[in-house]
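Trainee: I am new to this structure and would like a close look at one part of it, a pair of packed helices. Could you then carry on from there into the surroundings, so that I can follow it piece by piece?

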Amino acid sequence: MKKVIIFGGTTEGRKLAETLEAAEINCVYCVATEYGKEPVKESSYIKIHSGRLDAEGMVSLYESEKPDAIVDATHPFAEIVKKEIETSLFKYQAVRFLRLARDEEQIDYSNCTFFDSVQECAKALKETAGNIFLTTGSKELPVFCEDESVRERIIARIIPNDESLEICKQQGLKGNQIVAMQGPFSKGMNIACLKEFNADICVLKESGKSGGEANRIEAANACGTKCFVIRRPQENASAMTFKQVVEAIFKEFGIEKSPEPVLEKITADSITADKKIVVSLAGFGMGFGTVTAEVKQAVAEADYLFGAPRMLLGLESDAKKYPYYLAKDILPCMEEIADSIQFGKKKAVVLFSGDTGFYSGATKLAEALKQTGYIDVKILPGISSINAVAAKANLTWQDGHFLSAHGISEDKWRPALIDAVQHRDNTFVITSGSKDVRDIGDILLALEQADKGKYRVFIGTNLYSDEKTGWYSSEKCSTYNHDGLSTIIIQNQKPTPKVLAPELSDNDYIRDKVPMSKEEIRQLSICKLHLHKDAVVYDIGSGSGSVAVEMARMAPGIKVYAIELKDEACQLIRKNVDKFMLENVNVISGIAPDALENLPVPTHVFIGGSGGRLEDIIEKLKGYNSPIRIVINAVTIETISEINSVLKKYEIENADVIQVTVSKAKKAGDYSIMQGQNPVYIAAFEL
C-alpha cells in the first residue's frame with residue numbers, strides 16, 4: 001500500500017492531500033496545531049497527525065507509518081521545521097523526498113519596501129509614524145513589540161486560536177489592537193481592514209500566491225498605505241511546483257496519468273462575511289407595464305442598477321446606474337463596488353428583457369458572479385415575450401415550438417426554423433429586429449413555392465412600448481420594416497407530420513449521370529449509422545449526395561460534410577441540397593483522407609466510395625481518438641477485401657457485416673417481374 005507523509009499546514013499542503021485522496025493514495029497529513037488541521041477532512045485515505053515534531057519525533061513517525069515518499073509543504077517562513085525535516089531524513093532510510101515551493105505572482109511592488117529579516121523590519125518601523133497593520137502572524141510579535149513606540153501603534157491580524165491570542169496578551173497588546181480572523185482574505189476585505197484601522201503601514205511576509213500576498217499589496221496600493229515586506233527565505237534549489245510534485249509522486253507510484261489537482265469550489269456553504277454584494281438578476285418583461293411586483297421591490301431597494309440603456313431610462317431610483325448587461329462589463333464594476341464596501345452588504349439589480357429563463361444571458365452571468373467569491377446571486381423571473389405575443393394574438397403557447405434568432409448565429413437558427421415550421425402548427429421566434437423578420441419571410445415564401453406549407457405570421461414589435469402588432473402573409477413578412485425587437489408566431493395551415501426515418505425515393509433526387517446509392521440500401525445504411533440529433537457526419541464519396549441529403553433532413557442539428565472528388569458530382573450535390581432547402585450540408589471538394597483536414601471531429605462516418613484509400617481513411621479517423629460510428633458500402637470484390645483487411649488490422653471485433661440483395665418489381669406488359677439489383681455489402685462498426 002503506497003503512502004505519502006505530508007508536512008503541511010498550508011493551502012498547498014491541503015490541496016496535495018486532497019489530490020492524492022482523489023487518486024486513492026494514502027497520506028499522513030502533519031500539522032503543528034489543532035487549528036492547522038481544521039481545513040483538512042480526515043478520510044479513509046487521509047490521516048491527520050496534529051502536534052509539533054522535532055527530528056526525533058519525525059523519525060518515529062516514519063518508522064511507524066513506513067512512507068514511500070515525504071513532502072515538505074510547510075510555510076516558506078517555517079525555517080525551524082524545515083531544518084528538523086532535513087535532520088530527520090539523515091536518520092531514516094532513503095525514501096523519495098520532495099519540497100513544494102509556492103507559486104509566484106505578478107505583483108506591483110512599487111509601493112513596497114523589502115527587508116531580509118523580521119528584525120530589520122522591526123528596526124525600520126521605529127523610524128516611522130502612524131498605525132501599523134501587522135499581518136505576519138503571532139510568532140514574530142515579540143520582535144515587533146520590543147519597542148514600546150512601535151507596540152502601541154500595532155494592530156495585529158492573527159488566526160483565531162488560543163495560542164495566538166495568548167501571545168498577543170503576553171506582548172501587552174490591548175483588545176482593540178487584535179483582529180482574530182481566519183483567511184484567506186480578498187482584496188476587498190483587506191481594503192476594509194486598512195481603512196477601518198486607518199493604517200499607514202501594512203507589514204506582511206513575501207508569502208506567495210496562496211498566502212494572499214497580492215491581495216494585501218493591491219489593497220494597500222488602493223488605500224495609499226505603505227507596505228513593509230519581509231522577504232521569504234531562499235527556496236531550496238530542488239524545490240518543485242505543485243504540478244511537478246504531483247507528477248513526481250504519480251511517476252514514483254507507477255500511475256500513468258495524474259488527475260487534475262483539486263481546486264477550490266465556491267458553494268453555498270462557503271459563503272462568508274466577505275461576500276459583500278447581493279445581486280438580483282431580474283426579468284424586466286416587456287417594459288414598465290409588465291414588471292412583476294417582486295422585481296419592482298428589488299429595483300426600489302437597489303443601491304446599483306445594471307441593464308441596457310432602454311431599460312434604465314425612466315426608472316425612478318436613487319441607485320447608481322450602469323448601462324451594462326454583459327459579464328465582461330459588469331464584473332469590473334462589481335469589483336470596484338466590493339472594494340469600496342467597509343461594512344455590511346450592498347444590493348444590485350441586473351435587468352434582462354423578458355424572462356431570465358428563456359434565451360437570456362442571466363444564466364452565464366450568474367455563474368460568472370458566483371465565481372467571484374464575494375457575490376450572492378438571486379434570479380427573479382419575468383414575463384417572457386412568448387407569453388406576451390401569444391396573448392396579443394389570442395393564442396395559447398403550451399404546444400408551440402420555441403426558437404431564437406436573437407444573438408444566435410444564422411447557421412444554427414435557420415436550419416432549425418426551416419425544419420420546425422414545416423411540421424408544427426405554431427412556431428414562436430424571438431428576433432433581433434426587422435432584418436431577421438424579413439429573412440424569415442423569405443424562407444417561408446420559398447417553402448410555400450415548394451409546396452411545403454401555407455403560412456401566416458403574427459408579429460409583435462416593441463411590445464407594451466409603442467408596440468405594433470398584427471398578422472402578415474409570408475410575402476408581407478419578407479418586406480417588414482418596423483424597427484425594434486420583434487417576437488413572431490409562424491402558423492403553418494398545412495403542416496406535414498415529420499417522418500423520423502429515411503423516406504426519400506430515388507425519384508425524389510436530381511439524378512444526372514452520377515452514381516447513387518439505391519433507395520433501400522441508402523435507408524438501411526443510414527439506419528445502421530445510429531444517428532442522433534447533434535451528429536457530425538462525414539459522407540465520404542458522396543456521389544449525388546442522396547445519403548447526405550437524407551441524413552440532413554432527419555434533424556436540423558445534424559451537420560453533414562459531403563466529401564466528393566468529381567466537380568460534376570459536387571455540383572449535383574449542391575443542386576439536391578438546394579432542392580430540399582438544407583442549410584446543414586457542407587460540400588467539400590476533394591478526396592479523403594486529405595480533404596478531411598480542418599473539419600470538425602465526426603461522430604459518424606458513411607463511406608460510399610473510398611477511391612482505394614480505405615485503410616488511409618480509417619487510420620485518419622482513428623487518429624481523432626474519439627468514438628466514431630462507421631458504415632461502409634461495398635459492391636466490388638476489391639472493396640470487400642479492403643474492408644476485411646481493415647477489420648483484421650484494427651482488431652475490430654464488433655463489426656456487423658451483412659450482404660443485401662434487393663429485387664424490385666418491373667412492369668413487363670400485363671405482368672410484373674422481379675428484377676434483381678447488384679448485391680451490396682454493408683459493414684457497420686465502432687472505431
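Mentor: Let us begin with helix 16 (residues 410-423) and helix 17 (residues 434-449), which pack at an angle of about 45° with their axes 11 Å apart. Angles under 35 degrees would count as roughly parallel and 65 to 115 as roughly perpendicular, so this angle makes helix 16 oblique to helix 17. The crossing in which helix 16 passes helix 17 is right-handed. On the side of helix 16, the residues that make the contact are E410, W413, R414, L417, I418, V421 and Q422, while helix 17 contributes K435, D436, D439, I440, I443, L444 and L447. Please keep in mind throughout that this is a predicted model, and that every value I quote has been computed from it.

Helix 13 (residues 327-340) and helix 14 (residues 362-370) pack at an angle of about 30°, and their axes are 10 Å apart. That angle makes helix 13 roughly parallel to helix 14, and the crossing of helix 13 and helix 14 is right-handed. Here the contact is made by A327, I330, L331 and M334 of helix 13, which meet L365, A368 and L369 of helix 14.

In helix 15 (residues 385-392), the buried residues are S385, I386, A388, V389 and A390, and they pack against strand 17 (401-404), strand 18 (426-430), strand 19 (455-461) and strand 21 (486-492). Just after helix 15 comes N394, a residue that takes a positive phi of about 60°. In helix 22 (residues 614-622), the buried residues are L614, I617, I618 and L621. When one looks down the axis of helix 22, these buried residues fall within an arc of 95°, so they line one face of the helix. Among the elements that cover the buried residues of helix 22 are strand 22 (536-540), strand 25 (604-607) and strand 26 (629-634), and the cover also includes helix 23 (637-649) and strand 30 (680-686).

Strand 22 leads us to a loop, for D534 has its place between helix 19 (519-529) and strand 22. With a relative accessible area of 45%, D534 is partly exposed. In sequence, D534 and A555 are 21 residues apart, and in space they are 8.0 Å apart from C-alpha to C-alpha.

We can now turn to the strands, beginning with a hairpin. Strand 28 (residues 663-668) and strand 29 (residues 671-676) pair in the antiparallel sense over six bridges, and K664 stands opposite Q675 in strand 29. Two residues lie between the strands of this hairpin, in which G669 takes a positive phi near 70°. Strand 29 is hardly covered, since the count of buried residues among its six residues is zero.

One is formed by five strands in the order 3-2-1-4-5, with parallel pairing. Its edges are taken by strand 3 (46-50) and strand 5 (96-99), each of which has a single partner strand, so one side of each is left without a neighbour in the sheet. From one strand to the next, the twist of this sheet averages 20°. Within it, strand 1 (residues 3-7) and strand 2 (residues 26-31) run parallel and are joined by five bridges, and V28 in strand 2 is the bridge partner of I5. Helix 2 (residues 55-65) lies across strand 1, strand 2, strand 3 and strand 4 (69-72), and runs at about 160° to strand 1. Helix 3 (residues 79-90) also packs on the sheet, where it touches strand 1, strand 4 and strand 5, and its direction makes about 165° with that of strand 5.

The other open sheet is formed by six strands in the order 6-11-10-7-8-9, and its pairing is parallel. Strand 6 (112-115) and strand 9 (178-180) stand at its edges, each with a single partner strand, so one side of each is left without a neighbour in the sheet. The twist in this sheet averages 20° from one strand to the next.

Terms used:
Residues numbered from 1 in each chain as written. Predicted model: local features only at pLDDT ≥ 70, side-chain atom pairs only at ≥ 80, totals over all residues. Heavy atoms only, no water. Pairing = 2+ DSSP bridges. Helix = DSSP H or I, 4+ residues; strand = E, 2+ residues; numbered from the N terminus. Axes fitted to C-alpha atoms, helices over the stretch in contact; angles between N-to-C directions. Contact = heavy atoms within 4.5 Å. Buried < 20%, exposed > 50% of the residue type's maximum accessible area, 1.4 Å probe, protein only. Arc of directions from axis to C-beta. Parallel < 35°, antiparallel > 145°, perpendicular 65-115°, else oblique. Left-handed = near helix turned anticlockwise from the far one by under 90°.
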